[in-house]
Amino acid sequence: MSTINFYSSGIFSSRLQAAMNEKSFSAISLAEKSGVSMNIIMRYLNDEASPSLNMVELFAVALDIHPGWLAFGVGSKVAPSPDELFR
């Protein structure tokens with residue numbers, strides 16, 4: 001899977017951390033809910049790696065937020081409803 005390199009400079013990691021704080025998630029709880037290892041999550045939080053869009057989607061589902069906001073900072077943070085997804 002390809003990664004998008006404009007997550008650098010702490011932009012993605014800041015949004016991920018903000019969403020985790022808002023939902024009272026630790027790295028451990030995000031790992032458990034998303035199925036992604038804590039080591040990988042820590043690399044993203046420490047801005048040591050750029051996630052694939054698949055990883056962003058896993059985190060967005062686990063945190064119940066919009067993947068577009070998490071990945072790109074675009075739009076609302078609120079997760080889309082099933083009706084919005086399947087139009």
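Student: Where is Asp 64 found?
Tutor: Asp 64 is in the loop between H4 and H5. Keep in mind that this is a predicted model.

Student: What is the phi of Asp 64?
Tutor: Positive, about 55 degrees, although Asp 64 is not a glycine. The residue comes just after H4.

Student: Which residue follows H3 with a positive phi?
Tutor: That is Asp 47, with phi near 60 degrees.

Student: And what about phi of Ser 24?
Tutor: Phi of Ser 24 is near 60 degrees, again a positive value in a residue other than glycine. Ser 24 lies in the loop between H1 and H2.

Student: Is Ser 24 buried or exposed?
Tutor: Exposed. Its relative accessible area is 68%, and the cut-off for exposed is over 50%.

Student: Back to the loop between H4 and H5. Where does Ile 65 sit, and is it buried or exposed?
Tutor: Ile 65 is in that loop between H4 and H5. Ile 65 counts as buried, because its relative accessibility is 4%.

Student: What does Ile 65 touch?
Tutor: Leaving out residues up to four places away in sequence, Ile 65 touches Ala 19, Lys 23, Ala 60, Leu 70, Lys 77, Val 78 and Ala 79.

Student: Let's zoom out. How many helices and strands are there?
Tutor: Six helices and zero strands. Along the sequence the pattern reads α-α-α-α-α-α.

Student: How much of the chain is buried?
Tutor: Buried residues make up 36% of the 87 residues.

Student: What share of the contacts join residues at least 24 apart?
Tutor: 55%, counted among contacts between residues at least 6 apart in sequence.

Student: Now H4. Which of its residues are buried?
Tutor: H4 covers residues 53-63, and its buried residues are Met 55, Val 56, Phe 59, Ala 60, Ala 62 and Leu 63. Looking down the axis of H4, these fall within an arc of 165 degrees, so they line one face of the helix.

Student: Which helices do they pack against?
Tutor: The buried residues of H4 pack against H1 (11-22), H2 (27-34), H3 (38-45) and H5 (67-72).

Student: Take H1 first. At what angle do the axes of H1 and H4 cross?
Tutor: Roughly 20 degrees, and the axes come within 10 Å. H1 and H4 are therefore roughly parallel to each other; the cut-off is under 35 degrees. The crossing of H1 and H4 is left-handed.

Student: Which residues meet there?
Tutor: From H1, Phe 12, Leu 16, Ala 19 and Met 20. From H4, Val 56, Phe 59 and Leu 63. By class, the contact of H1 with H4 has seven nonpolar, no polar and no charged residues.

Student: Next, H2. How do H2 and H4 lie to each other?
Tutor: Their axes cross at roughly 105 degrees and come within 9 Å. H2 and H4 are therefore roughly perpendicular to each other, since 65 to 115 degrees counts as such.

Student: What residues make up that contact?
Tutor: Leu 30, Lys 33 and Ser 34 in H2 meet Leu 58, Phe 59, Ala 62 and Leu 63 in H4. The contact of H2 with H4 divides into five nonpolar, one polar and one charged residues. Phe 59 and Leu 63 of H4 meet H1, and both also meet H2.

Student: And H3, which residues are buried there?
Tutor: Ile 41, Tyr 44 and Leu 45. The arc they cover around the axis is only 100 degrees, which puts them on the same side of H3. The buried residues of H3 pack against H1, H2 and H4.

Student: One last residue. What does Met 55 touch?
Tutor: Met 55, in helix H4, touches Val 36, Ile 40 and Tyr 44, not counting residues up to four places away in sequence. The C-alpha atoms of Met 55 and Ile 40 are separated by 9.9 Å, with the two residues 15 apart along the chain.

Technical notes. Residues numbered from 1 in each chain as written. Predicted model: local features only at pLDDT ≥ 70, side-chain atom pairs only at ≥ 80, totals over all residues. Heavy atoms only, no water. Buried < 20%, exposed > 50% of the residue type's maximum accessible area, 1.4 Å probe, protein only. Helix = DSSP H or I, 4+ residues; strand = E, 2+ residues; numbered from the N terminus. Arc of directions from axis to C-beta. Contact = heavy atoms within 4.5 Å. Axes fitted to C-alpha atoms, helices over the stretch in contact; angles between N-to-C directions. Parallel < 35°, antiparallel > 145°, perpendicular 65-115°, else oblique. Left-handed = near helix turned anticlockwise from the far one by under 90°. Nonpolar A, V, L, I, M, F, W, Y, C, P; charged D, E, K, R; others polar.
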